[in-house]
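The following note sets out numbered points for a colleague examining the structure.

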Amino acid sequence: MTSVDQRPPAAPPSAPAGRPARRPLLGGRIGSVEVLAALLIVLLIFREPIAAAISTPLLQTWTTVFVSVMVQATPFLVFGVALSAVIAVFVPRSFWSKALPKHPALAVPVASCAGVVLPGCECGSVPIAGSLIRRGVTPAAALAFLLAAPAINPIVLTATAVAFPNNPEMVVARGLASIVVAMVMGWLWLRLGRQEWIRLPHRPELDDLSRWRAFWAACRHDIVHAGGFLVLGAMAAATINVLVPESVLQAVADQPVLSVLALAVLAVLLSICSEADAFVAASLSQFSLTARLAFLVVGPMVDLKLISMQAGVFGRRFAMRFAPATFVMAVLVATGVGMVLL
Amino acid sequence: MNRQAQGVVLLLLGGAILKASLTDMYLRYVKAGLQPFLIGAGALLVLAAAMTLWYDLRHGTTADTECADHADALPNGAVPADATPHNGTADPGGHDLSGSGHSHAGHREPRIGWLLIAPVLGLLLVAPPALGSYAAGQAGSALSSQQVSDFPALPDGDPAPISVLDYATRAIFDKGLSIGERRVQVTGFLSDNPAGGQLLTRMILSCCAADARPIKVGMNGSVPTGLPADSWVEITGTYTDQRGTDAVNGEDIPFIEVLEWRSIPAPAEQYE
């Protein structure tokens, strides 16, 4: 990956004086595009050996799971990014100060409940939350929205009802536990969070560009950024999916504490889309309902692909603190709600 | 990765998604219902790529610095871009001229973007098949997730065409009552049974192949012979009350009394 500055040598006047002009490599002809083209040509030439190398059942299953996670998540990512670009470019700043209560502590529950109207899964809500913070929404409220939206929207709750036809209380428990975790995390951020943990990728051009140009710049930037981290997460999820055989889970299903923890960790590792996780939870029938509730509450809030995307959109220091805290909170709240309701 | 390369990657990704969703290929990975969304997302990606390349050509070529990780350049780190005092003056090409990043050795491009080539390769070069007998052998039969309580009459016809899942739920939860003496026709692929012989198997999918789970049915009578695992067969048979146990999760496996079978090519939609 060569970093090539292809700007003409005549530096614009606003550039710092005396800055050494950078000599383009090979007269500026080798940039990312050329590297990309060469890479693709090499891959095309070696297509047969590559295909042969991954034809073992294990690697083939890995590839299928990886590609299918990407295919499943791409529409949500693309539409989520498009919506976040609309927020960034077309929704005026003043809208958010009018729409949300002035006091941050009150904005948190309002933002949590606003998640109801966004039918999507977690991949889309990460860039949207990033966009909200850029537009001046208090991070606590944006993070509450980030956690609540994938878990309590109508599609996900309907899927949960379909997956647990004999346990309608599961839908109530899931919605309640998720919204409580989102609000608690929002308030926790108000008390303990530090602004400098959040490092949104630098995106200076938006305010200076024409609206449509800014819109497409935001789309491109966010898809490449969040999408790259989604790939990383999908690879991790496919690896876990292939390497952890189900028989391992059988061993812990009978122990109440261990089973809750095991399914919570499994939710993190499997990184299943929140619209599908209810069906997987339903099929883990050897586990208690409370353990499966923990699976459903943790999954949309903390998982490998989310951690990866959060690290990309909000910065690594943020993800390192936010994900573990959310995990602990989600397990505690899910267990509590499970003991009362299930 | 500069802006042009990002445009090319977006174009490739959009093209790969469009290719998969306009043919039957996407059915190997996700449910049929996702198709319109995939086409929309693919089109939007191609459009985003086209606009990126168009603006880039029109406004001059610039290395993409706005995505650089300015960890060591921003005061106190942090702060959303448009809230910083950082003077993000941009030239007509949208190029960040504030000097941040350039004077630092730590200037980096969004390298993570290169990973987006992986799904493109997966879809265009490798195009892996739908999950088959290997994945089915790793997971336990998922019948108990399908808590069905009413069993409508079988469809008309002799044999009555039903899904593997439908047969298995009627056999286990309805004790075969709603099947009675009728002949049924089910389609699935063969997977090896650790206890010996082969099982008629079908993967069920609720969202994408990451949550695919097998439904397994044992076979009695004139069972298919001489076929390797992953071969697709169409079985005509009747209900039998024999039961087996899944070696992976101890789940009940229903059996079917095979009257006749024939080899068929894999269907376009391999999941149920």
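Predicted model: local features only at pLDDT ≥ 70, side-chain atom pairs only at ≥ 80, totals over all residues.

1. The contact between α15(A) and α16(A) draws A:Ile307, A:Gln310, A:Ala311 and A:Phe314 from α15(A), and these meet A:Arg316, A:Phe318, A:Ala319, A:Phe322 and A:Ala323 of α16(A).

2. As to geometry, two packed helices are described by the angle between their axes and the distance between the axes. Here α15 of chain A spans residues 304-314 and α16 of chain A spans residues 316-341; their axes lie 7 Å apart, and the packing angle is about 140 degrees. That angle makes α15(A) oblique to α16(A), because angles over 145 degrees are needed for a pair to count as roughly antiparallel. The crossing of the two helices, α15(A) and α16(A), is right-handed.

3. Chain A as a whole contains 16 helices and zero strands. Its length is 342 residues, of which 56% count as buried. When contacts in chain A between residues at least 6 apart in sequence are considered, 83% of them join residues at least 24 apart.

4. The remaining points concern backbone features in chain B. For context, most residues other than glycine have a negative phi, and most peptide bonds are trans. Which two residues of chain B does a cis peptide bond join? They are B:Asp158 and B:Pro159, with omega about 0 degrees. B:Pro159 lies in the loop that runs between α4 (133-138) and β1 (160-161) of chain B.

5. B:Ala127 is not a glycine, yet its phi is positive, at about 45 degrees. This residue, B:Ala127, sits in the loop between α3 (117-126) and α4 of chain B. Is B:Ala127 to be classed as buried or partly exposed? It counts as partly exposed, because 17 C-beta neighbours fall inside 10 Å, whereas a buried residue requires 20 or more.

6. B:Lys175, also not a glycine, has a positive phi of about 50 degrees. Its place is the loop between α5 (164-173) and β2 (184-192) of chain B. B:Lys175 is classed as exposed because 12 other C-beta atoms lie within 10 Å, and the exposed class takes residues with 12 or fewer.

Note on methods
Residues numbered from 1 in each chain as written. Chains lettered and ligands numbered in written order. Axes fitted to C-alpha atoms, helices over the stretch in contact; angles between N-to-C directions. Helix = DSSP H or I, 4+ residues; strand = E, 2+ residues; numbered from the N terminus. Parallel < 35°, antiparallel > 145°, perpendicular 65-115°, else oblique. Left-handed = near helix turned anticlockwise from the far one by under 90°. Contact = placed C-beta atoms within 7 Å.
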